[in-house]
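Here is a short report on a single model. Keep the sequence and the 3D view open while you read.

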Amino acid sequence: MGLDQRRLNALKEAGLAAVQLSLQALEPGLARRVAGGEFLEAKFRAARWVREAGLPLTINVVLHRLNLHEVEAYLNLARELGASAIELANTQYYSWAWLNRVHLLPDRSALEAAYARVLAWKARNPEALEVVWVVPDYYAEYPKPCMGGWGATHLVVAPDGRALPCPAAYLLPLDFPRVGEVALEAIWYYSEAFNRFRGTAWMQEPCRSCPRKEVDFGGCRCQAYLITGNPAATDPVCYLSPWSGQWPSPKPGGPWSRGQELDAKPRRR
């Protein structure tokens with residue numbers, strides 16, 4: 001919302017390589033309800049500026065029960081805006097989404113119908129843009145790896161200066177060091193928070209002996225903590241987890257397994 005063309009050009013000169021723009025809804029009333037204000041036209045304007053600046057544009061849409069019916073409209077809009085990719089990111093249930101999951105989580109039949117519409121659109125427009133469909137964790141067979149593995153690839157700096165292995169990690173009962181107080185090198189290599197769930201040695205069963213342990217890395221630590229109260233527990237999304245019955249979970253061999261990218265070989269942006 002703070003973007004204008006002058007600021008965008010300055011960011012490009014500073015080395016900005018690509019832009020991701022999030023949309024909450026396309027129906028104005030719903031967009032206002034979800035986003036909390038009149039932001040839709042400003043987002044369309046920002047998208048035009050990004051393309052005029054020659055920067056690759058990715059459209060991100062967080063899907064849930066209220067806006068899932070608009071899925072084809074998002075695909076058409078991304079194409080019209082000249083986006084190179086669209087991420088249809090079904091809600092991941094942390095923070096406010098966790099507290100409101102009863103209102104946001106679509107039922108499985110609605111989700112499968114939306115996925116079928118995405119596949120049909122992609123078949124009609126095979127070269128239009130890269131399409132990534134992110135499965136709601138609760139309907140996946142296996143859990144997603146936490147940011148490619150806890151403390152393996154990401155360091156996120158929160159507004160209060162805390163360094164986190166992922167954007168939701170502040171939920172966990174860990175002492176996260178602050179940049180400005182501790183050197184980044186020390187945070188990354190030596191802090192207890194970043195080492196707590198690195199690798200596989202911390203795992204308990206069934207993860208410890210699972211052949212997927214270096215694929216899923218035990219799943220999401222934040223989700224495990226929210227559901228079980230134990231951040232070291234096997235992610236309850238996994239059908240092998242002792243806690244998988246905490247919500248209706250799919251049987252193995254469903255339409256998505258754990259794979260989330262609709263394009264088998266997505267084009268690089």
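Arg32 forms a salt bridge with Glu38, and their closest N and O atoms are 2.3 Å apart. This model is predicted. Arg32 is partly exposed, with a relative accessible area of 37%. Glu38 counts as exposed, at 60% relative accessibility.

**Salt bridges**

Side chains of opposite charge can pair when their charged atoms come close. The structure holds 8 salt bridges. The table lists some of them, including the pair above.

| Pair | N to O distance |
|---|---|
| Arg32 and Glu38 | 2.3 Å |
| Arg178 and Asp160 | 3.5 Å |
| Asp216 and Arg212 | 2.9 Å |

Take Arg178 and Asp160, whose side chains meet in a salt bridge. Arg178 lies in the loop between strand E6 (163-164) and helix H8 (184-190). Asp160 lies in the loop between E5 and E6, so the pair ties together parts that are 18 residues apart in sequence. Arg178 is partly exposed, at 32% relative accessibility. Asp160 is also partly exposed, at 35%.

Now turn to Asp216, whose side chain meets that of Arg212 in a salt bridge. Is Asp216 buried or exposed? Asp216 counts as buried, because its relative accessibility is 5% and the cut-off for buried is under 20%. Arg212 is partly exposed, with a relative accessible area of 22%.

A network of salt bridges links Glu72, Arg117 and Arg124.

In what order do the strands of the open sheet run? The order is E1-E2-E3-E4, with parallel pairing among the 4 strands. Strand E1 (19-23) and strand E4 (130-134) stand at the edges. Each has a single partner strand, so one side of each is left without a neighbour in the sheet. From one strand to the next, the twist averages 20 degrees.

Strand E2 (residues 57-63) pairs with strand E3 (residues 85-90) over 6 bridges, in the parallel sense. Asn60 has Glu87, in E3, as its bridge partner.

**Helices across the sheet**

Tyr115 lies in helix H7. Tyr115 is buried, with a relative accessible area of 16%. How far apart are the C-alpha atoms of Tyr115 and Val71? They are separated by 8.7 Å, while the two residues are 44 residues apart along the chain.

**A buried histidine**

His64 lies in the loop between E2 and H4. His64 counts as buried, at 6% relative accessibility. Which residues does His64 contact, leaving aside its neighbours within four places in sequence? They are Val34, Thr91 and Leu104.

**A nonpolar surface patch**

Leu155, Val157 and Leu184 form a nonpolar patch on the surface. Together they have about 240 Å² of accessible area. Leu155 sits in the loop between E4 and strand E5 (156-157). At 30% relative accessibility, Leu155 counts as partly exposed. Val157 falls within strand E5 (156-157). Leu184 falls within helix H8 (184-190).

Conventions
Residues numbered from 1 in each chain as written. Predicted model: local features only at pLDDT ≥ 70, side-chain atom pairs only at ≥ 80, totals over all residues. Heavy atoms only, no water. Pairing = 2+ DSSP bridges. Helix = DSSP H or I, 4+ residues; strand = E, 2+ residues; numbered from the N terminus. Axes fitted to C-alpha atoms, helices over the stretch in contact; angles between N-to-C directions. Buried < 20%, exposed > 50% of the residue type's maximum accessible area, 1.4 Å probe, protein only. Contact = heavy atoms within 4.5 Å. Patch = residues over 30% accessible without salt bridge, like charges linked within 9 Å, V, L, I, M, F, W, Y side chains within 5 Å. Areas by Shrake-Rupley, 256 points an atom, 1.4 Å probe, with all protein chains shown as cover. Salt bridge = Lys/Arg side-chain N within 4 Å of Asp/Glu carboxyl O.
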